Amino acid sequence: MSFADQLERLQQFLDADDLHDEALDYLAGHGYLTALSISPVDVPEQEWMFELFAEEPQYTDDAQKADIENTLRELKSLIERILASDEDLEPPCELTLGDEPDLSDLRSWCVGFLEGVFIREEDWFAQDEETVSELLLPIMVGSGLFEDQPEFAEIARDEEMVQDMLDHIPDVLTQLYLLFQAPEEKARPALLDPRH
């Protein structure tokens with residue numbers, strides 16, 4: 001089976017209605033694995049796998065369990081390889097929140113990414129809180145999780161600024177990866193527009 005076919009099966013599995021309410025769907029799962037691939041510390045596989053599903057899924061048999069778990073491992077490895085290359089990692093969705101942000105694919109991806117950050121939140125901010133906070137800002141804005149905070153509500157009112165931030169997400173991922181995994185190449189501020 002090709003990796004594309006494996007991913008399709010994984011997507012069908014994660015997007016099905018019979019998983020736990022707090023389990024991550026495919027796009028959130030991709031964001032989550034991206035954050036784990038960038039993370040300054042390794043999260044044990046058993047832990048991140050459990051957190052992704054919120055509880056052990058009802059697999060049809062051991063073969064399905066092995067298939068889903070192996071595809072998750074392979075997807076994480078692919079994300080790590082792209083991040084370590086000179087290419088920007090593009091989320092598997094449009095970099096826009098569209099007319100209904102709460103239903104957008106990018107919102108799911110950003111929420112999943114932050115789930116991956118929250119697992120080891122202290123470690124993410126331990127070394128350079130200001131730079132990490134600045135780099136994470138577009139993903140935090142995209143997630144909608146902070147909209148009740150005045151500064152985020154203010155950003156959300158400026159649609160052009162929001163879209164500009166979302167367009168920067170692939171660059172932000174590269175900068176975060178360099179900051180944690182190749183600190184000698186020290187990340188430059190990703191938000192190049194002086195308005196920010």
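In which helix does Phe-118 lie? Phe-118 belongs to helix α5, which covers residues 105–118. Helices here are DSSP runs (H or I, at least four residues; strands would be E, at least two), numbered from the N terminus.

This is a predicted model, where local features need pLDDT of at least 70, side-chain atom pairs count only at pLDDT 80 or more, and totals for chains, interfaces and linings use all residues. Residues are numbered from 1 along each chain as its sequence is written, and side-chain values use heavy atoms, with hydrogens and water left out.

**Phe-118**

- Phe-118 is partly exposed, at a relative accessible area of 35%. The classes are buried (under 20% relative accessible area), exposed (over 50%) and partly exposed in between, with a 1.4 Å probe and protein chains only.
- Leaving aside neighbours within four places in sequence, Phe-118 is in contact with Leu-145 and Phe-146. Contact means heavy atoms within 4.5 Å.
- Glu-154 is 36 residues from Phe-118 in sequence, and their C-alpha atoms are 24 Å apart in space.

**Nonpolar core**

- The largest nonpolar core has 58 residues. Such a core is a set of buried Ala, Val, Leu, Ile, Met, Phe, Trp, Tyr and Cys residues joined through side-chain atoms within 4.5 Å.
- Phe-53, Phe-113, Trp-124, Ile-139 and Leu-176 touch the most other members of this core.
- Helix α2 (residues 26–38) gives the most to this core, with eight residues.
- Not counting residues up to four places away in sequence, Ile-139 touches Trp-109, Cys-110, Phe-113, Leu-114, Ile-169, Val-172 and Leu-173.

- Thr-34 sits in helix α2 and is buried, with a relative accessible area of 0%.
- The Thr-34 side chain reaches the backbone oxygen of His-30 at 2.7 Å. A polar contact is a pair of N or O atoms within 3.5 Å; within protein, one must be able to donate a hydrogen and the other to accept it, and residues adjacent in sequence count only if both atoms are side-chain atoms.
- Beyond four places in sequence, Thr-34 touches Ile-79, Leu-83, Leu-89, Trp-109, Phe-113 and Leu-173.
- Cys-93 is in the loop between α4 and α5. Its relative accessible area is 15%, so Cys-93 counts as buried.
- With neighbours within four places in sequence left aside, Cys-93 is in contact with Leu-27, Asp-105, Leu-106 and Trp-109.
- Cys-93 and Glu-47 are 46 residues apart along the chain, with 26 Å between their C-alpha atoms.

**Loop residues**

- His-168 is in the loop between α9 (159–167) and α10 (169–181). His-168 counts as buried because its relative accessibility is 14%.
- The His-168 side chain reaches the backbone oxygen of Asp-164 at 2.8 Å.
- Ala-54 is in the loop between α3 and α4 (62–84). Although not a glycine, Ala-54 has a positive phi of about 70°.
- Ala-54 is partly exposed, at 22% relative accessible area.

**Pockets and cavity**

- On a 1 Å grid over the protein atoms alone, a cavity is a set of points where a 1.4 Å probe fits but cannot get out, and a pocket is an open set with protein on both sides within 12 Å along at least five of seven lines; lining residues have an atom within 4 Å of a point. Grid points are joined across faces, edges and corners, and a volume is the space filled by probe spheres set on the points.
- The largest pocket has a volume of about 370 Å³. Of its 15 lining residues, Asp-21, Glu-22, Ala-23, Leu-24 and Glu-115 are closest to its centre.
- Elements giving two or more residues to this lining are α2, α3 (45–53) and α5.
- The second largest pocket has a volume of about 260 Å³. Its lining has 17 residues, with Leu-97, Pro-101, Ala-156, Glu-159 and Val-162 nearest its centre.
- In the second largest pocket, α9 supplies the largest share of the lining, four residues.
- The count comes to one cavity of 30 Å³ or more. About 50 Å³ of space lies in the largest cavity.
- The largest cavity is lined by Asp-18, Leu-19, His-20, Ala-23, Phe-53, Glu-55, Glu-56, Pro-57 and Gln-58.
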